[in-house]
Amino acid sequence: LTVRAALQEDDAAPPASGTPFTEELRSAAALAEEAAAAAAAAGAPDGASIAAPCEPAHSPPWVVLSGATGFVGAHVAAALLSRGGRVRCVAVRGAPEAARERVARAVRPVLAATVGAVEAERLLGPATLAAAPGDAARPRFGLSATTFAALSVNAGCFVHCAAAVTLSTAVSVRQLYAPNVNGAVAMVALAQAAAAQGAPRVRLVALSTTDVCGLEAA
């Protein structure tokens, strides 16, 4: 009820017109086309030259994960790493050189509880854990077209866990719109770009929040 009241009273909320999220899906398609073109222009059909020029042959595809520093995202990253996956974390706030360490700090205790401290440190190495700085509230995570395109290269699965969630009526829908909608649009665009680059069986997994059920129940 609190969430519904906030939605009804927020005059600054984005207007609803036509099919829900039609414009957002069009934005995702446009970003995907731009990303695929940027990857192709970077020098190789698969975009390898801009993402991982020295990747070993037959490496498993990357799982692109947003929200890795959050509770759910850290557990998802730990589960993937413990099962032999490679995780590329995106939209990590902070300086580029600190992004990977920030993710590692969030994932380390969860992963160590599963595989032990020594193995956790090995799995948190650069061969299996990568991190890219960015802001989920901004289109393309605030990155250039070429840098954004690189996030989709050699990736087969995209898991979207990043979100801004609050039940406070002091926060407007407009404030929640940017991080939640722009982040989702960017992840859809990356998945579409990966498919356009020829990645087989691209999967997109999106985690929502209890607010969705709350709105329906209310």
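Is Ser 66 buried or exposed? Ser 66 is buried, with a relative accessible area of 1%. Keep in mind that this is a predicted model. With that said, this serine is a handy place to start a walk through the chain.

One goes to the backbone nitrogen of Cys 161, at 3.0 Å. The other goes to the backbone nitrogen of Ala 162, at 3.3 Å. If you set aside neighbours within four places in sequence, Ser 66 is in contact with Val 90, Val 159, His 160, Cys 161, Ala 162 and Met 187.

Now step back for the overall layout. The chain has nine helices and five strands. Starting from the N terminus, the elements read α-α-α-β-α-β-α-α-β-α-β-α-β-α. Of the 218 residues in the chain, 37% are buried. Take the contacts with a separation of 6 or more: 79% of these are between residues 24 or more positions apart.

Back to the strands. Strand 1 and strand 4 run parallel and are joined by five bridges. Val 64 stands opposite Phe 158 in strand 4. On to strand 5, residues 203–206: this strand also runs parallel to strand 4, with four bridges between them. There, His 160 has Ala 206 of strand 5 as its bridge partner. Strand 4 is largely enclosed by the rest of the structure, because six of its six residues are buried.

That brings us to the packing. The largest nonpolar core has 25 residues, and those touching the most other members are Val 64, Phe 141, Phe 148, Leu 151, Phe 158, Met 187 and Leu 190. Each of the following supplies at least two residues of this core: helix 2 (22–41), strand 1 (62–66), strand 2 (86–92), helix 7 (145–150), strand 4 (155–160) and helix 8 (173–196). Helix 8 gives the most, with nine residues. Then there is a second, separate core of 23 residues, which includes Ala 68, Ala 78, Cys 89 and Cys 161.

Not counting residues up to four places away in sequence, Leu 151 touches Val 64, Arg 88, Val 90, Ala 132, Phe 141, Leu 143 and Leu 190.

What about aromatic pairs? The count comes to one. Phe 141 and Phe 148 form this pair, which is edge-to-face, at 5.9 Å centre to centre and with 65° between the planes. Phe 141 and Phe 148 are both buried.

Helix 8 deserves a look of its own. This helix has 24 residues and reaches 33 Å from its first C-alpha to its last, close to the 34 Å expected at 1.5 Å a residue. Just after helix 8 comes Gly 198, with a positive phi of about 100°.

Ala 91 has a value of about 55°. Ala 91 lies in strand 2 and counts as buried because its relative accessibility is 17%. Arg 140 has a positive phi of about 60° and is found in the loop between strand 3 (129–133) and helix 7. Arg 140 counts as partly exposed, at 22% relative accessibility.

Thr 69 is in the loop between strand 1 and helix 4 (71–82), and its relative accessible area of 34% makes it partly exposed. Leaving aside neighbours within four places in sequence, Thr 69 is in contact with Arg 102, Val 103 and Ala 106. Thr 69 and Cys 89 are 20 residues apart in sequence, with 9.0 Å between their C-alpha atoms.

The other spot is Glu 121, in helix 6 (residues 117–123). Glu 121 has 41% relative accessibility, so it counts as partly exposed. Leu 111 is ten residues from Glu 121 along the chain, and their C-alpha atoms are separated by 9.0 Å.

Definitions and conventions: Residues numbered from 1 in each chain as written. Predicted model: local features only at pLDDT ≥ 70, side-chain atom pairs only at ≥ 80, totals over all residues. Heavy atoms only, no water. Phe/Tyr/Trp six-rings, centres within 6.5 Å; stacked < 30°, edge-to-face > 60°. Buried < 20%, exposed > 50% of the residue type's maximum accessible area, 1.4 Å probe, protein only. Core = buried A, V, L, I, M, F, W, Y, C linked by side-chain atoms within 4.5 Å. Contact = heavy atoms within 4.5 Å. Pairing = 2+ DSSP bridges. Polar contact = N/O pair within 3.5 Å; in protein donor to acceptor, adjacent residues only side chain to side chain. Expected span 1.5 Å × (residues − 1).
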